[in-house]
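Here are my notes on the model, as numbered points. Please read them with the structure open.

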Amino acid sequence: VTLMMALAVAGASATGCQRKVQVKSGTITMCTAGEVVSDDVKTITVPANKAAAYSVRTVTVTCDKHTQLQALYAESQAALATGDTKLAEAKLAQVLALDPAYGKAKAQAAAIAKGGKPAPDTSLTPSTGTTTTAPVAPPKPGETTTTVGALGKWTPDSITGFVAGRPLSDALSVSREYIPSGSSPAQGLVIVAEQFRTAADAKSGMEHEVKQSYTKNVATLKINGHDAYFGTDGKRFAAIGFTDGAVMVALELTSPSSPQNLRSLAEQVAKQLP
Amino acid sequence: VNARLATAAALVAAVLGAMASFVLTTVAMDSLPDAVVVGVSALVAFVLVASGGGWRVLGTLRAIERRALVLGLIGGAFAFWGAPLLALSQRATSAPSGADTLFFTTTIWGVLVVLGAYFFVGKRTALTGIAGAVCSAAGAAGLLASWEYPSSFSPFAKFPVREALMLVAGLIFAAGVLALAEAAARLGTRVTATLGLGAAAALGLIASLPGLSVAASAGRSAWRPSVYLGIAVAIFAVSWIWMAARAGASAASASLLLVPPVMTALAVYEQSTAAYGVNPFEMRGVLTGSAIVMIGAGVVLVSAADRDDSRALRGRAVAISVWVAVVACALAVVSLGTPSLNALSEGHITESFRAAWTMLGFESAAGWMPLAAALLALAGSLEARRGQAARTWIVASLAVFACALAMPLLASTTLHTWNDWIPAAVQQTYGTEYARFSVSAIVDPVRVGAIALAVVSAGALGVAAACGANAGRPKEEGSR
């Protein structure tokens, strides 16, 4: 029996060495607007020792349609700003033909149709939050065309007084943990940057994800030109949040108690961001 | 009754001593060099045992039989210095994991002692002892693999060399404690423990010399865990040697087999007090594994009973039981290499990784249940035929049924979570929102057949016993 056991385990181990594994491999290209542009992911069977070489890469770009939308919408808003409602109406009509729910196009077009002069939408700028406006092209090794690449600026490698951890990212967000490098009133710091479709969505995200979570010791701040929100949970966490176009940035600090005392540190950290 | 109570007390003391030794070694190893930890603990243990009357041994050394003296000295040096030092030298923080280390330095050491006691000690224990030890080890694997999910229990996956050397340490330990058991049978517990721990302390002090300068600079608090470890070693050594002298080394090794469930029980209690947050235990696997460990240890304990040829079972049912168990063993061995689990690893770090594969029987806790059950059935039927005390094979047969019940409960418990071919970044983030590892059980007819035949074998033995198939009975009836 012992011999049989040894043979079986040896045989099984040998089988394990030649084990076949099903892996997924390919690239998913997503538009910053959230649509899947292309998906060539396949499931293939490979030897286990080769499995780590296969992965699914997600590339985020601004697709042709949304590049065109951004340009047309920007032109329509520029026309509204200069009072050229006729040109604005034409551009808005083109926008609505492509995407009836894009920005404030529908409301502005309706206002113009009624003879009004709607105010231009300043919250949505064509380049904000996107990483490339080029047409979709196959990604090349090492290229930094992902949204994460653009969001990476909000999680810098160096923050005074902290040691950066490894950033964690997916297609539309990035987060990074920082540990105090010396004596600090904070136990830890996390910075999160999240890409939204529009600036309005980002502001809405801030309402839900930051303002509703940190309702104590509230203050409004001006950080590097951004209107920022400071709040705590009254127990351990303090946070500063702001939006930059369609990107929401939140930094959260923890302390054993009295999170309101973290405000000046939170401001110092926030000022080191773009 | 007093003898049973004393044995039970010694067993409890040995389990607690072994468990405390493991825990305190984990604490002490980060504060002092390995050789100093082992040396100091052996010295403290020696002083404690010697102060309990052992000093008189030193004055009577010449009167001690030379063979027993040598066995006591070498046994102690092996069991309480060589083996712990080799095992400790292979340990680093979480490398191997605590579950792996506990398995390789308690359960496996216990199994090795049982094997050594069967093959190398003059008076053989019943074959059911080995089967019980295998059963207990299979249960311990299921238990330790259920400490958390995904489990960090993956023998020979991440640190095969370190774990193989822990096995070597187990061989040294087994040789040592078997020698001590032999010495204790002639010299008694106190003399044997004093000799053994004295030898370990002497070697420990010599080996500690190079590390003393480092240790001297450490504060008093750094030495404290090693002193406490010495107390634990003394408790284990004395209780183990006492039990080995009276019930045999095989029975005493049950104390090592029982460490994982007892330690888990304490951890569950600790977690239930919410001192360390959420309870990570997979309670179904924990309870099932613990039950199998204890049943296996119970089989080991009762396997020390004497044989009596007049009680031997004979007849067709016994022969069927033996041969069905042989087939069950063969199928169980084959099922170690048949599919047992569908595994899936997914990670979303910078890029997404997804791999799906089939795990084999030896990689799941349930996969080992048929082998344990078949061995128990075979050993039980063979020992019944040889005239072993009925309680031995009855307990073994009951253990077969327990294994059969445990198999579906451990069906999704994997013994191989970690793989060297999955990106480390994915495996390290298992259990977070960024990565996961999941398995689903596969019903394998070979495995089911093996455990079914083991149950049939145990049942046939029960039928044989119920029908009065004793070898001696016809003779008795004839005489009437």
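Does B:Arg186 count as buried, partly exposed or exposed, and at what relative accessibility? The first point takes this up. Please keep in mind that this is a predicted model.

1. **B:Arg186 and its partners.** B:Arg186 counts as partly exposed, at 38% relative accessibility. Its side chain meets that of B:Glu65 in a salt bridge, 2.8 Å from N to O. This pair links distant parts of the chain, 121 residues apart. B:Arg186 is in helix α6 (residues 160–187) of chain B, while B:Glu65 is in the loop between α2 (34–59) and α3 (66–89). B:Glu65 is partly exposed too, with a relative accessible area of 41%.

2. **A second bridge on B:Arg186.** The side chain of B:Glu182 also meets B:Arg186 in a salt bridge, at 3.7 Å from N to O. Here the two residues are four apart in helix α6 of chain B, so about one helical turn separates them. An α-helix has 3.6 residues a turn, so residues three or four places apart point the same way. B:Glu182 is partly exposed at 29% relative accessibility. Through shared partners, salt bridges join B:Glu65, B:Arg67, B:Glu182 and B:Arg186 into one network.

3. A:Lys211 and A:Glu207 form a salt bridge, with the closest N and O atoms 3.2 Å apart. They are four residues apart in helix α6 of chain A, about one helical turn. A:Lys211 is partly exposed at 28%, and A:Glu207 is partly exposed at 36%. Over all chains the count is 13 salt bridges.

4. Helix α6 of chain A spans residues 199–211, and its buried residues are A:Ala199, A:Ala202, A:Gly205, A:Met206 and A:Val210. Their cover includes strands β11 (226–232), β12 (237–244) and β13 (247–254) of chain A.

5. **Chain A overall.** Chain A has seven helices and 13 strands. Of its 274 residues, 40% count as buried. Among its contacts between residues at least 6 apart in sequence, 52% join residues at least 24 apart. The accessible surface is about 13700 Å², and carbon and sulfur atoms hold 54% of that.

6. **The interface.** Contacts link 28 residues of chain B with 26 residues of chain A. The buried area is about 2200 Å², with 65% from carbon and sulfur atoms. In chain B, B:Val333, B:Arg354 and B:Trp421 lose the most area to chain A, together 24% of what that side buries. One salt bridge is counted between the chains. A:Arg19 forms a salt bridge with B:Glu363, at 2.5 Å between the closest N and O atoms. Five residue pairs are in polar contact across the interface. On the chain B side, α13 (316–335), β2 (352–360) and α14 each give two or more residues. β2 of chain B gives the most, with nine residues.

7. **Cores.** The largest nonpolar core has 129 residues, and B:Trp240 and B:Met369 are among those with the most contacts inside it. Helix α14 (residues 365–386) of chain B supplies its largest share, 13 residues. A second, separate core of 28 residues includes A:Leu189, A:Ile223, A:Val247 and A:Leu251.

8. **B:Ser255.** B:Ser255 lies in helix α10 (residues 254–257) of chain B. It is buried, with a relative accessible area of 0%. Beyond four places in sequence, B:Ser255 touches B:Leu11, B:Ala14, B:Val15, B:Phe236 and B:Trp240.

Notes: Residues numbered from 1 in each chain as written. Chains lettered and ligands numbered in written order. Predicted model: local features only at pLDDT ≥ 70, side-chain atom pairs only at ≥ 80, totals over all residues. Heavy atoms only, no water. Buried < 20%, exposed > 50% of the residue type's maximum accessible area, 1.4 Å probe, protein only. Contact = heavy atoms within 4.5 Å. Core = buried A, V, L, I, M, F, W, Y, C linked by side-chain atoms within 4.5 Å. Areas by Shrake-Rupley, 256 points an atom, 1.4 Å probe, with all protein chains shown as cover. Buried area = accessible area lost by both parts, 1.4 Å probe. Salt bridge = Lys/Arg side-chain N within 4 Å of Asp/Glu carboxyl O. Polar contact = N/O pair within 3.5 Å; in protein donor to acceptor, adjacent residues only side chain to side chain.
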